[in-house]
Structure formats: C-alpha cells, structure tokens
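Work through the exercises below with the sequence and the structure open. Each task is followed by a solution in steps.

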Amino acid sequence: MTGPLSIFDRPNAYIGKSVPRPDAARLLVGRGQFVDDQQLPRMVHAAFVRSPHAHARIVSIDGAQAATMQGVVAVYDGSDMADHCEPWVGTLTHMQGLRSPPQYPLALDVVRWQGEPVAMVVATSRALAEDACGLIDVDYELLPEACNVEAALDRDAAVIHPEFGNNLAWERIVDSGDVDAAFARNDVTIVERTFRFNRHTGVTLEPRSSVVDFNPADETMTYWYAGQAPHMMQAILSKHLGLAEENIRLIANDVGGSFGIKIHTYGDDIATAVAARILARPVKFIADRNESFLTDIHARDHRIHGRMAVARDGEIAALEIDDLTGIGPYSMYPRTSAIECNQVLNLTGAPYAIQNYRARGQVVFQNKNLMSQYRAVGHPVAMAVAEGLLEDAALAIGLGSVDIRKRNLIRDDAYPVTSAAGMKFDDLSHCRTLDKLLDIMGHDVLREEHAKLRSSGIHRGIGIASIVEVTNPSPLFYGVGGASIAAQDGATVRLDAAGAIHVSASITEQGQGTNTIIAQIAADMFGVEIDRVKVTTGDTAHVPYGGGTWASRGAGIGGEAVLQAATALRGQVLEVAGTILQCAPDRLDILSGSIVDVKTAAQRMTLRELGRIVYFRGNELPPDVKPELIATRHYRVTDFPFVFTNGAMAAEVELDPETGFVKLLGFWVVEDCGRVINPQLVDEQIRGGVVQGIGGAFYEECIYSSNGQLLNASMADYLVPMAAEMPDIVVAHVETPTKTSVLGAKGAGEAGTGGAPAALLNAVNDALRAFDTSISEMPMTPERLLKALGVV
Amino acid sequence: MTAIEEINLTVNGERSTHRVPVRMNLVDFLRNELGLTGSHVGCEHGVCGACTVEVNGACVRGCLMLAVQADGLEVTTIEGLTASGRAGALQAAFHRRNSLQCGFCTPGMLASALEYCERGGAADRAAIREHIAGNYCRCTGYQSIVDAIYEVIAAEEAQ
Ligand code: FES
Ligand code: FES
C-alpha cells in the first residue's frame with residue numbers, strides 16, 4: 001500500500017462502488033452468446049445411449065440399424081472412443097491413498113451407474129440423433145449393485161471394482177490434542193447425533209453444453225465451452241486426445257450458471273471432442289434435463305456421526321466426527337471426489353477454538369452417479385454438524401445459543417491461528433460478525449416474540465451459525481497433487497491509441513460479475529472512466545494463462561493480477577508522459593483519462609494525445625522511449641494454503657406441526673469477505689448462495705431406489721427453490737481485508753450455500769423443541785419433519 | 001415421425017412462411033430456424049420458464065407448443081421487445097438492480113415480468129413472487145428480480 005491515503009481513496013474510485021454490470025445489458029436484450037447459440041456450417045449433433053441399469057455387464061451393442069438411418073453421420077461405442085482417447089484417473093498424489101480406476105468417455109464393458117453413456121450417435125439434428133439412439137440395441141447382464149453408502153463397506157457388499165477388493169476409495173484420519181482424555185473429563189457433558197445429508201445437484205439452468213470443431217489441416221481444435229476453467233480443459237483435452245496443447249482453443253462466452261457442476265470432466269463432453277476430431281467437423285452436444293440429473297455431478301451424500309464434549313461454562317472440550325461419504329463408481333477427474341470429505345474434516349468446528357479434535361472420513365464407491373465438488377464443497381456439511389452439535393450442547397448445559405458461541409469463537413484479536421485440523425486462519429472477525437448479526441436481526445426481540453407466539457400455538461424458530469469459507473486457494477489445493485490446474489491468474493492491460501484500456505484476464509465469468517470487477521479495478525488503478533475499459537475473458541487464445549473462476553478465487557486472485565497489471569501500465573504511461581511533458585513522472589497522475597498534475601489535478605494532456613504520439617508520431621519521442629504501453633502481471637497466494645473468510649447467519653422459520661411445512665420468515669447474513677469491490681454484486685452472490693443452501697436444506701434431493709434408479713430425474717419431480725417460497729435476505733458486512741494482497745479481497749461466492757443449511761437446521765430444531773424432538777437429515781422435507789414429530 | 005408442414009406466422013413483427021417438422025417445438029423453431037437465440041431451453045418439459053415467449057399477447061412455454069401450432073399467430077421474443085415503454089423500463093430496472101447473473105433465465109423472466117405489469121399487477125412483493133414462481137432462476141435467489149419489478153410498478157403508480 002502507498003502511504004496513509006490509500007490507493008483506494010483516489011478520486012474516480014470504482015472499487016467499493018455498486019457499478020452496474022456493463023455486460024448485463026447484452027443479456028437483457030437476448031444478445032447472450034451461450035454455447036447452444038452457436039450455429040456453425042456443417043455442424044452435427046450428438047446424442048447418447050445411456051445405461052438404464054446401475055450395474056451391468058455389456059454383452060453386446062448393435063448399432064447397425066442406427067448407422068444406416070438417413071441423417072446419421074456416425075455411431076460409436078466405448079471401444080471406438082477408447083481407440084482415440086487415453087482414459088483418465090481421478091486421483092491426486094496429495095490425497096494419499098485415494099484410488100479410482102481408469103475412466104473412458106463411454107463405458108467399455110461394464111456400466112456402473114444409471115445414466116452412464118454407452119453409445120453415441122452423431123446426426124444432422126439432435127432429434128435424428130435421438131431417433132437413432134432408439135434403434136441401438138444394447139444387451140446387458142445385470143450385476144449386483146452397491147448403492148447404499150452405509151452398506152458399501154459391508155463384507156457381503158457387491159464390489160464395484162473387483163481389482164480393489166472392496167469399495168473404499170479413500171480414508172483420512174485427523175487426530176489432534178487428546179480427544180479421549182477430554183471426553184473422559186468428569187466436568188463435561190457429551191452430546192452426539194447422526195446427521196444425514198442426502199444427494200442434491202447443481203441444476204444450472206443452462207445444461208452442460210459443448211460445441212467442438214476440429215481442423216485437420218492444421219490440427220487445431222476449437223471448443224466452445226460452458227465451464228469455469230478453460231486452461232484446465234485445454235490441458236485435459238491435450239493429454240487425453242494427444243493433441244498439442246497450443247493447438248486447442250477453449251472459448252467460454254456466456255455461461256448459464258456453473259456452481260462447480262461444469263468444472264469436471266464428463267465422458268459425453270470428451271466423446272464430443274473425439275467425434276469432432278474423427279469427423280473433422282463441428283459437433284454439438286447439449287445435455288437435456290434428464291441427462292443433467294443423471295450425469296451432472298451430484299453433491300454431498302454424507303452420513304456423519306458427531307460427538308461434542310462441553311464443560312459447564314460452555315467451553316468445547318472436544319469434538320469428534322466420523323464421516324462416510326458416497327461418491328459413485330469413480331472419483332471425478334481431475335479434482336477428485338475426495339475433496340468434499342477432506343473439506344468436512346478440515347472445516348468442522350473451524351470457527352471455534354477447539355484443542356481436541358478427531359475426525360475420520362471414509363469415501364466409498366457406490367453404483368450411483370458421481371459425486372464431486374459443487375458450490376461450497378463440504379462446507380454445508382461441516383457447518384451444520386458443528387452448529388447442530390453446539391446447539392445440542394447449549395441445550396444440555398442450559399446455556400443460550402449466543403452465549404455458547406461467544407464462549408468458543410476464536411477471538412478477533414487472536415490471529416494468526418492454526419486450527420486443530422491444521423487450517424491457518426488470519427484476518428477473521430467471528431465476534432464482530434456475530435454481534436452485527438444479532439443487531440441487524442433484532443435477535444432478542446425476535447426471541448421474545450417467539451416465546452409469546454408459542455403459547456398461542458405458533459411455532460417459530462431461530463437458528464444461528466458462524467461459518468468460515470475456503471477462498472483464494474494456493475497451489476496447495478490441486479497443483480501440488482499433480483493436476484494441471486493453475487492456482488495463479490494473470491491479467492494483461494494495454495492502452496490503445498484512443499486512450500481506452502483493454503484488459504484480458506484468465507479468470508472467467510459465469511454471471512458473478514467477473515468482467516465488471518475486472519473493469520472496476522483496472523479503471524480505478526489506471527485512472528480512466530469505466531466505459532473506457534474493455535474486458536476479455538474465457539478465450540485461451542487471448543488471455544494469460546490461469547486457473548479460471550472456482551473456489552471463490554476470481555476476485556481475490558484474478559482481481560489482484562488486474563490491480564498489479566493496471567498499476568504497472570500506469571507507471572509506463574506516466575514515464576512516457578514525463579518524457580513528453582518534460583517533467584518527473586512522480587509529479588504526474590492519471591485521472592479520468594487525462595495526464596494531470598499530481599498536486600493541482602490540472603490537465604496536462606489527454607491519454608488520446610499520448611496514445612497518438614506513442615503509436616503514430618514516434619518520431620517526436622527520444623529514441624530510448626519504447627512504444628510499450630502494455631503490462632502483464634500474474635498473482636498467486638503464497639503465504640497461506642487458502643485465504644479464509646468468515647460470516648454469521650441467522651434464519652427464522654415457522655413450522656406447521658400438522659403438515660410438516662416450514663415457512664421461511666427471514667434470513668440474515670453478515671459476511672466478512674475482506675475488501676468489497678462491488679457491494680451489489682457481493683450481496684447478490686450471497687443471496688443466490690443462500691437460496692442454493694435453502695434448496696439443499698429443504699427441497700433438493702436426488703432420490704434413488706435401492707437398486708440405483710434415480711426416481712426424480714426431471715424438474716417436475718426434483719424440487720428447486722422458486723420465488724414464492726423464498727424470503728428476502730438481509731446482507732451486511734464486516735470488512736477485514738486480507739494481508740495477502742494489495743487489493744485485500746477474499747472470495748464471496750460460496751458462503752451463502754456453505755452456511756445457510758446450518759442456520760436453517762438450527763432454526764427448525766428450535767421450532768421443534770416444544771415437541772421435544774429434532775431433525776438431523778437434509779433436506780428437511782415435510783415427510784421427515786412429520787416423522788420427527790411422530791405424526792407419521 | 002418426420003412429417004413436414006408449412007406454417008405462416010409473424011415473429012417480432014416480421015411475417016414469414018416456413019416448412020417445419022410437425023414434431024418441432026416452438027422454441028427450437030425460433031432458435032434453430034430463425035436464429036432467435038434469445039429464448040432459452042432449460043428443461044423441455046414446461047417447468048423452468050426459460051423458453052417463455054409471448055404468443056398473441058399471452059405468455060407461452062415455447063417448449064410446450066409446437067411450431068405448427070403457431071401457424072397464423074403472432075409471436076414476440078426477447079429480440080422483439082421495444083426499448084421504450086414497460087419492457088424498456090423493466091430491462092433498465094433489471095440492469096440497475098442486478099436482477100440477473102448468468103442471464104440464462106432472463107428472457108423468460110422478463111416475459112413473465114412484463115405479463116404481470118401489463119395485466120395491471122400491483123406493487124406487492126408477495127404477488128410478484130407468486131407470479132414469477134413459474135420461472136426458475138438458479139443464480140439470483142429472486143430477491144433482486146422482485147425488487148426490479150416492484151420498482152417499475154411503483155414508479156408507474158407514482159406518476
Ligand atoms: S424449457 Fe420450456 S419450460 Fe423449461
Ligand atoms: S440469472 Fe442465472 S438462472 Fe437466473
């Protein structure tokens with residue numbers, strides 16, 4: 001930082017302002033550019049035959065009739081694909097012991113979940129491709145399934161990958177302090193509970209979409225990509241299709257929501273690329289909603305047993321959890337399906353000063369769709385378990401919900417702190433955020449109101465949760481384990497001859513407002529109006545190498561790269577201006593598109609004039625002045641594995657004990673994501689995140705039959721939050737900038753989803769307290785609530 | 001299965017004639033045959049509302065209507081909304097209030113919002129929520145959308 005008057009206080013500042021998103025204007029008039037909007041000459045369409053069984057051997061595939069259908073261009077099966085594509089394995093070396101067998105674009109000889117792609121048809125229209133799929137005859141021999149997580153490790157369970165001997169994919173144990181001694185203390189009260197977090201999924205409104213073209217003349221592939229990490233996908237395609245990385249171009253224009261769903265490697269997408277290469281023409285694959293439910297990664301699927309020991313004064317003496325999580329038949333590539341469980345182990349109880357902590361995680365294979373990273377990976381589970389146990393503990397020792405939190409939260413002046421699970425925390429503000437939360441929600445008044453209403457038969461509840469969120473990950477997240485996933489991001493900023501600046505950045509946009517905050521930071525740091533900043537993201541041919549947008553890293557990491565690059569360009573421009581104006585560069589500044597005197601702000605020349613001289617009339621410059629008005633900077637987090645954020649949330653609900661319906665009356669969030677670049681965008685990230693958390697807590701569930709059939713694979717049967725049931729959400733902030741960057745921004749994308757379920761669980765249990773019962777399974781459906789109430 | 005029929009219709013004020021497979025739904029026709037890619041496809045079974053367009057003045061799910069059923073009718077898509085009047089006011093309010101993130105639901109959401117306004121819907125948050133309850137948005141959590149619609153109606157009422 002540059003002295004007492006911070007760089008963020010310059011006139012014409014954009015950082016910290018709710019600038020509307022320039023690119024939203026385009027989307028509001030139907031000028032979006034989503035992958036399915038691509039119409040290319042000679043383009044053909046893919047459809048897939050998928051396994052109707054959870055576990056079966058493929059005896060034969062007969063595609064002869066389909067292949068002769070008019071309009072059908074090609075029919076492929078697993079071995080056709082395997083001839084053109086190296087299989088992938090979803091393991092990382094730092095997830096020690098994790099195992100997963102090789103995976104191919106289409107199943108080879110055994111199908112291991114309902115929906116696994118088995119054959120592919122490419123035809124002149126999607127409708128014809130689907131017709132042809134109906135003509136493909138696949139003969140299966142059924143195999144016994146292992147679907148139930150809790151039985152997957154039983155001795156007599158069907159083993160999904162015989163070469164492994166059992167269905168265990170990964171196991172990790174954390175043991176810190178002396179847990180047994182703490183539980184044995186005679187001054188502690190012990191509470192315990194088994195939680196279940198059932199499967200749900202992302203339901204991005206734009207389904208997974210790929211258009212891939214291949215030009216055999218120069219061996220180049222162009223992939224219109226609806227995802228979050230173009231360079232990662234470039235490396236994957238290169239590695240598995242055997243093409244030079246530089247010959248593959250990924251273009252992500254508008255992406256219709258991703259939330260982690262579209263960051264993984266899916267067989268049908270890879271098969272689309274393979275087909276494009278074989279056919280040397282563009283191939284489009286757009287998943288339909290049924291395919292989305294069957295194959296977009298699912299999330300959660302945990303059974304966790306938790307125990308907590310609390311002393312009489314409320315001190316958490318020890319915490320122990322045992323997590324069992326089901327990931328489907330493979331670990332997802334390349335990020336693995338063990339990260340979800342790993343996060344649960346790392347984060348349970350993280351807001352609190354806990355010395356004695358033990359956790360076991362077991363990740364098991366099962367014959368269901370793959371489970372992997374979805375928004376707030378592991379967080380909702382970790383937060384709900386700790387917050388739920390804490391509520392039980394408070395009740396058991398007769399302490400208030402707020403008091404037990406205040407007794408245990410890590411103090412705001414205690415940082416840096418390393419948690420029992422080994423997480424390094426700095427610049428957090430649990431106590432201030434909780435205080436602010438209690439204030440904005442009017443906590444005490446609400447409690448009194450609820451007590452009164454209860455006597456008149458109205459059952460309301462309040463739930464509170466203090467949370468952390470993993471953001472701004474360093475290379476220790478994935479890169480260290482051998483994945484081609486960049487933890488650094490880059491930005492190039494250049495001045496054009498008309499005095500505008502152009503930024504190209506490796507972070508990506510899926511609606512968060514990435515492009516807007518890039519423009520804000522660049523305009524602010526360089527010194528132009530925001531409408532003179534043009535932003536390019538998503539295209540590997542035009543942006544610096546970098547990770548993209550995931551794990552709430554765009555603003556914190558990519559934003560810092562933009563800040564550094566724009567600052568560097570400013571230095572270059574001032575240097576040239578100094579030469580032209582015959583004065584020391586430090587006596588000049590750039591404000592609103594002009595070179596000005598740093599003290600008086602008097603205009604000395606416009607950037608347009610400067611651009612003209614540098615680019616067109618170089619003869620007016622001394623020979624040693626180089627016409628280079630372009631700067632690139634890359635940034636990565638070095639001091640910490642992650643930059644954590646914290647927050648506090650509260651929910652107010654009303655329970656109808658006769659129907660089991662819960663009405664959401666209010667939701668409050670106080671979030672500390674460091675420096676807020678655009679308050680409106682941050683608040684909307686939090687609101688959207690909370691609503692996804694509400695989905696997981698009350699509505700969303702992938703319901704499987706015991707033999708692995710997904711029973712609700714349509715939007716009519718799978719419930720998602722709709723407008724009528726959602727509450728207005730109040731968002732407030734505490735700002736503790738991270739010291740790891742000049743910008744000071746931490747991530748904000750996942751906190752809502754990570755924390756809301758914990759607050760909602762506690763709120764429902766608060767309302768249930770009058771009935772002397774509680775719930776520990778999500779989603780908290782009317783049926784489950786009626787069961788808890790003993791009504792059914 | 002692939003029977004073809006001829007239709008005459010007016011889309012965004014332009015009259016034209018087309019030969020379409022009878023099984024093709026209206027939104028696929030608009031997107032793939034006319035290149036009007038502003039209407040989106042989110043579910044193809046009438047639940048998400050991303051394909052909502054106006055047909056003869058009423059909101060219709062473009063995935064639940066066949067193109068041949070639009071024979072002789074007038075269709076308005078997001079591309080045909082005028083920048084002035086209520087549609088423009090809604091677009092401006094959506095922009096100011098950030099009532100869209102990825103923007104995939106937006107064309108359908110705007111069509112429903114416009115329908116609410118045109119029918120004289122009140123500046124009543126619960127009623128607005130009820131009206132747009134057939135349009136799925138995964139990104140925003142809906143509050144900003146409700147705010148924008150409310151703002152437009154409240155401003156009209158104030159005049
Ligand atoms: S695509 Fe028509 S309602 Fe979803
Ligand atoms: S803005 Fe993404 S679905 Fe509504």
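**Exercise 1: a sheet in chain B**

Glu54(B) stands opposite Cys59(B), a residue of E4(B). The model is a predicted one, in which local features need pLDDT of at least 70, side-chain atom pairs count only at pLDDT 80 or more, and totals for chains, interfaces and linings use all residues. Residues are numbered from 1 along each chain as its sequence is written, while chains are lettered from A and ligands numbered from 1 in the order in which they are written.

Step 1. Strands are DSSP runs of E with at least two residues, helices are runs of H or I with at least four, and both are numbered from the N terminus. Two strands pair if DSSP finds at least two bridges between them.

**Exercise 2: two helices in chain A**

Task: describe how H15(A) and H16(A) cross and which residues meet.

Step 1. The axes of helix H15 (residues 554-581) and helix H16 (residues 607-616) of chain A come within 11 Å and cross at roughly 85 degrees. Axes are lines fitted to C-alpha atoms, for helices over the stretch in contact, and angles run from 0 to 180 degrees between N-to-C directions.

Step 2. H15(A) and H16(A) are therefore roughly perpendicular (65 to 115 degrees; under 35 is roughly parallel, over 145 roughly antiparallel, the rest oblique).

Step 3. From H15(A), Val573(A), Val576(A), Ala577(A) and Ile580(A) meet Leu610(A), Ile613(A) and Val614(A) of H16(A). Contact requires C-beta atoms, placed from the backbone, within 7 Å.

**Exercise 3: backbone features in chain A**

Step 1. Val203(A) is not a glycine, yet has a positive phi of about 45 degrees.

Step 2. Val203(A) has 25 C-beta neighbours inside 10 Å and so counts as buried (20 or more other C-beta atoms within 10 Å; exposed is 12 or fewer, partly exposed in between, with C-beta atoms placed from the backbone).

Step 3. The cis peptide bond joins Tyr333(A) and Pro334(A), with omega about 0 degrees. Pro334(A) lies in the loop between strand E16 (316-326) and helix H9 (339-347) of chain A.

Conventions. Two residues are in contact if their C-beta atoms, placed from the backbone, lie within 7 Å.
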